Amino acid sequence: MASTSSSSLNFNSLLSSSNHHSPSFAHQTLTPHLHFPRTPSFKHLVNCSVKKIENMKIMISGAPASGKGTQCELITKKYGLVHIAAGDLLRAEIAEGTENGKRAKEYMEKGDLVPNEIVVMMVKDRLSQPDSVEKGWLLDGFPRSSSQATALQEFGFKPDLFILLDVPQDILVDRVVGRRLDPVSGKIYHLKYSPPESEEIAARLTQRFDDTEEKVKLRLETHNQNVESVLSLYQDIIVKVDGSADKDDVFAQIDKALAKLS
Ligand SMILES: Nc1ncnc2c1ncn2[C@@H]1O[C@H](COP(=O)(O)OP(=O)(O)O)[C@@H](O)[C@H]1O
């Protein structure tokens, strides 16, 4: 997979553009060459009869608590892709106490997008690592703006499929507010919908600092402001999935789309 840039854009301006705060740039990116039709390459066509795509490159998008984490776990288990979640990369920086982490947290606290100069290289570096190149990747929570999509495109990263999890807003708030993490197993629970199995687990559950009702509403607003501009760039490869269904039913819909590629 190509991971170097043959950029015709001014990349510094791209990296410093702060997502939805730069409407002129967003406008600039809505050009036809940035659409990613599933046009098979020659190699792809030759390999078709044996195996269609060896290392799938998948993007998954959805509002906060639309179930991306749960579905990503199911997808990676079945298809062996490397799960790369922009939010997890940022939380790891915060946990390590890096300068980027400190800056990122200020934006995350407000439900805003973290500036591109922090998040783009972080994601690009992870996508370039050998495991992602060899196994393929499942990119979660990135791109969240047209400028991030353009950056990825300029670095040579093109998805084969874009999964959109569609969930009504009122369900989302309910899901976020009750969401808890078991720091020992890494498992995600919901106090009402999937409560912990024991008192011991219940006692150690933690809540993400941005999973309050007030903050999720801000995150939803940010999501709604940006989602259309991202979708318009991937319209030819989007599969829209009803994320309000039971998690196995949601996975069945995704699996059907992935099975056609793999
Ligand atoms: N691609 C991104 N660009 C900028 N900021 C991001 C990106 N992905 C995540 N973030 C920041 O991290 C926060 C948490 O993201 P995430 O863990 O994906 O949860 P959610 O999708 O539930 O908001 C976001 O609210 C945002 O501040």
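Visitor: Is V250 buried or exposed?
Guide: V250 counts as buried because 22 C-beta neighbours lie inside 10 Å. A residue is called buried if 20 or more other C-beta atoms lie within 10 Å of its own, exposed if 12 or fewer, and partly exposed in between, with C-beta atoms placed from the backbone.

Visitor: What kind of model is this?
Guide: This is a predicted model, in which local features need pLDDT of at least 70 and side-chain atom pairs count only at pLDDT 80 or more, while totals for chains, interfaces and linings use all residues. Residues are numbered from 1 along each chain as its sequence is written.

Visitor: Which helix holds V250?
Guide: V250 belongs to helix α13, residues 247–261. Helices (H or I, at least four residues) and strands (E, at least two) are DSSP runs, numbered from the N terminus.

Visitor: How far is V250 from G156?
Guide: Their C-alpha atoms are separated by 30 Å, and the two residues are 94 apart along the chain. G156 follows helix α9 and has a positive phi, near 95°.

Visitor: How many residues of α9 are buried?
Guide: Eight of the nine residues of α9 (146–154) are buried, so the helix is mostly covered. Among them are S146, A149 and L152.

Visitor: On to the sheet. What is the strand order?
Guide: The order is β2-β3-β1-β4-β7, in an open sheet of five strands with parallel pairing. Two strands pair if DSSP finds at least two bridges between them. The edge strands, each pairing on one side only, are β2 and β7 (238–242). From one strand to the next, the twist averages 20°.

Visitor: What does β3 pair with?
Guide: β3 pairs with β1 (residues 57–62) in the parallel sense over four bridges. Strand β2 (residues 82–85) also runs parallel to β3, and four bridges join these two.

Visitor: Which residues stand opposite each other?
Guide: M59 stands opposite L139 of β3, and I60 has D140 as its bridge partner. H83 is the bridge partner of L138.

Visitor: Which way do the β3 residues point?
Guide: W137 and L139 point one way, whereas L138 and D140 point the other way, and all are buried. In a regular strand, side chains alternate between the two faces of the sheet.

Visitor: Now the ligand. Which residues come nearest?
Guide: P64, A86, G87, V114 and G141 come nearest, out of 18 residues around the ligand. A residue is near a molecule or strand if its C-beta atom, placed from the backbone, lies within 6 Å of it.

Visitor: What classes make up that shell?
Guide: The shell has 10 nonpolar, four polar and four charged residues. Ala, Val, Leu, Ile, Met, Phe, Trp, Tyr, Cys and Pro count as nonpolar, Asp, Glu, Lys and Arg as charged, and the others, Gly among them, as polar.

Visitor: Which helix gives the most to the shell?
Guide: α5 gives the most, with three residues. α5 (86–96) and α6 (99–110) each supply at least two.

Visitor: At what angle do α5 and α6 cross?
Guide: Their axes cross at roughly 120° and come within 7 Å. That makes α5 oblique to α6. Axes are lines fitted to C-alpha atoms, for helices over the stretch in contact, and angles run from 0 to 180 degrees between N-to-C directions. Angles under 35 degrees count as roughly parallel, over 145 as roughly antiparallel, 65 to 115 as roughly perpendicular and the rest as oblique.
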